[in-house]
Amino acid sequence: RIERLLPECRVSVSNMILNLRHLDLKQDGNILACFPVIYTDPNDETEDETYEVLDTHLETARSLYQVLQLIAFHELKESSILVELALWKSRIGGDEARADCRVAIPGPAKSLIMEYCGFAGF
């Protein structure tokens, strides 16, 4: 989903990933989630060799969730711009000037939509 974002939005998401714990952004654009793992020694006679994921307080999951929220925010923001453009284009008539046909989603309405979708404070 990051690849579909505008370049300036990709930079914002990439910077966020670099500042989050347990996440690593690879040069190819993939995100690596690093889960802490505990290894049980097979020499211990009571247990077989095992690996256990130890994600204290779900830190890795929270970091991934924050990245997904930011991506969704940018996607929603771009979608609202497309809706505005579609409304504008639908109003363009033969005799009217293009500037007279512009229709914008008012700022308060945009804010309410963003808050409703859980993106307050972005």
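**Exercise 1.** Which residues does V13 touch, not counting residues up to four places away in sequence?

*Solution.* Some ground rules to start: this is a predicted model, where local features need pLDDT of at least 70, side-chain atom pairs count only at pLDDT 80 or more, and totals for chains, interfaces and linings use all residues. Residues are numbered from 1 along each chain as its sequence is written, and side-chain values use heavy atoms, leaving out hydrogens and water. Now look for contacts (heavy atoms within 4.5 Å). V13 touches I2, L5, V67, L70, I71 and H74.

**Exercise 2.** Find out whether H74 is buried or exposed.

*Solution.* Cut-offs first: buried is under 20% relative accessible area, exposed over 50%, partly exposed in between (1.4 Å probe, protein chains only). H74 comes out at 7%, so buried. H74 sits in helix α2; helices (H or I, at least four residues) and strands (E, at least two) are DSSP runs, numbered from the N terminus. Leaving aside neighbours within four places in sequence, H74 is in contact with L5, C9, S12 and V13.

**Exercise 3.** Work out which residues of α1 are buried and how they are arranged around its axis.

*Solution.* Step one: C9, V13 and I17 are the buried ones. Step two: down the axis of α1, the buried residues fall within an arc of 75° (taken from the directions from the helix axis to the C-beta atoms), so they line one face of the helix.
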